[in-house]
Amino acid sequence: MTGLKGRVVSGLRWQAAAKLGSQLISWGATLVVMRLLAPADYGLMAMTMILVGLTSLVAEMGLGAALVRSPEVTVAQQRAVFGLALLVNSGLYLALLALAPLSVALFSEPQLWALTAAMGLQLPLAALCVVPESMARRELRFKQLSVVEIVQQVGGAATTLACAWAGLGVWALVAGHLAATLIKTLLLLRFGTVMPRFALRGQRELATFGGALTANRLVWFAYTQADVFIAGKLLGPQLTGAYAAAVNLANMPMQKLMGISNQVAYSAFSRLQGDPKALAQGVLGSLRITAAIGIGLLWGVGATAPDLIPLLLGPQWQLAVVPLQL
């Protein structure tokens, strides 16, 4: 128990350092990019991510989380999860290409087909990451994962900034996202991987847990993306981009806080699943810390929005002030 606690504390430190370092660089680049791009570019990206984000949630099928949670994981299970991820992600990419014209017709934006096809390339890359990333989290190897995250964020931010500076518009956002995904994939594969096995026999427990987790994620995605869907359909790229930027800025404090704690907490709590008392204490402790920090940050963002948005992002983002405050 003492050893686990020490590894959890160490993991939190590494995750916090990685988040802080990568986010300082990433958000510094993002502020410059938002000055170079128009709200309409972010509106097109938000529309693209409705369909791409939906397929990305289904792609992993919760199998990575199931590997972390499972008391014991065999090489055969890892191979089966890898094989299933390859099959599902490849099939989903083909489905994404087939469904992309629906987005074009729904939002009346011809660029969405090409944007969706390009962003969907993250699906086959993600299949390669499922097993090495899950096993690293299972083994609480957060120092190595933190290094991966820093390099990934810096590489993606640099690519986005360079492409935005070159005048590529919304494609700068696509290029940065794909660059970050590719960098993450290449670094995680250095942790080691297994040969895929295309069989489901003996994987019922993993599939059951993963299926339930995927269903939960889909419901959450529908809830959180409904507003972007409605805005994209009724308001057009310009106003949708302003609204999407405001939502992202408003959610950012808690997302960053929970991103630090959740990655460590899930692995640690999985090891404590046989000790309900210690598990409950850990959950309550993490919630108290994130709430204490998050409430102050959210009030600060709302209070300074009228001055902060024009100062940091430029006058073209003035439309985002009121949605950010609300």
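Me: What pattern does the protein follow, read along the sequence?
Reply: Going along the sequence, you get α-α-α-α-α-α-α-α-α-α-α-α. That comes to 12 helices and 0 strands. Keep in mind that this is a predicted model.

Me: OK, and how much of the protein counts as buried?
Reply: 43% of the 326 residues. The protein exposes about 16,200 Å², and carbon and sulfur atoms supply 70% of that.

Me: What about contacts between residues at least 6 apart in sequence: what share join residues at least 24 apart?
Reply: 87% of them.

Me: Switching to T55. Which helix is it in, and is T55 buried or exposed?
Reply: T55 sits in α2, residues 39–60. It counts as buried because its relative accessibility is 8%, and the cut-off for buried is under 20%.

Me: What does the T55 side chain reach?
Reply: The backbone oxygen of V52, at 2.9 Å. Leaving out residues up to four places away in sequence, T55 also touches L92, L96 and L123.

Me: Now α5. How many of its residues are buried?
Reply: 6 of 8, so helix α5 (residues 112–119) is mostly covered. The buried ones are L112, L115, T116, A117, A118 and M119.

Me: Last one: where is E139 found?
Reply: In the loop between α6 (122–138) and α7 (142–165). E139 counts as partly exposed, with 35% relative accessibility.

Me: And how far is its C-alpha from that of V68?
Reply: The C-alpha atoms of E139 and V68 are 8.4 Å apart, though the two residues are 71 apart along the chain.

Methods
Residues numbered from 1 in each chain as written. Predicted model: local features only at pLDDT ≥ 70, side-chain atom pairs only at ≥ 80, totals over all residues. Heavy atoms only, no water. Helix = DSSP H or I, 4+ residues; strand = E, 2+ residues; numbered from the N terminus. Buried < 20%, exposed > 50% of the residue type's maximum accessible area, 1.4 Å probe, protein only. Polar contact = N/O pair within 3.5 Å; in protein donor to acceptor, adjacent residues only side chain to side chain. Contact = heavy atoms within 4.5 Å. Areas by Shrake-Rupley, 256 points an atom, 1.4 Å probe, with all protein chains shown as cover.
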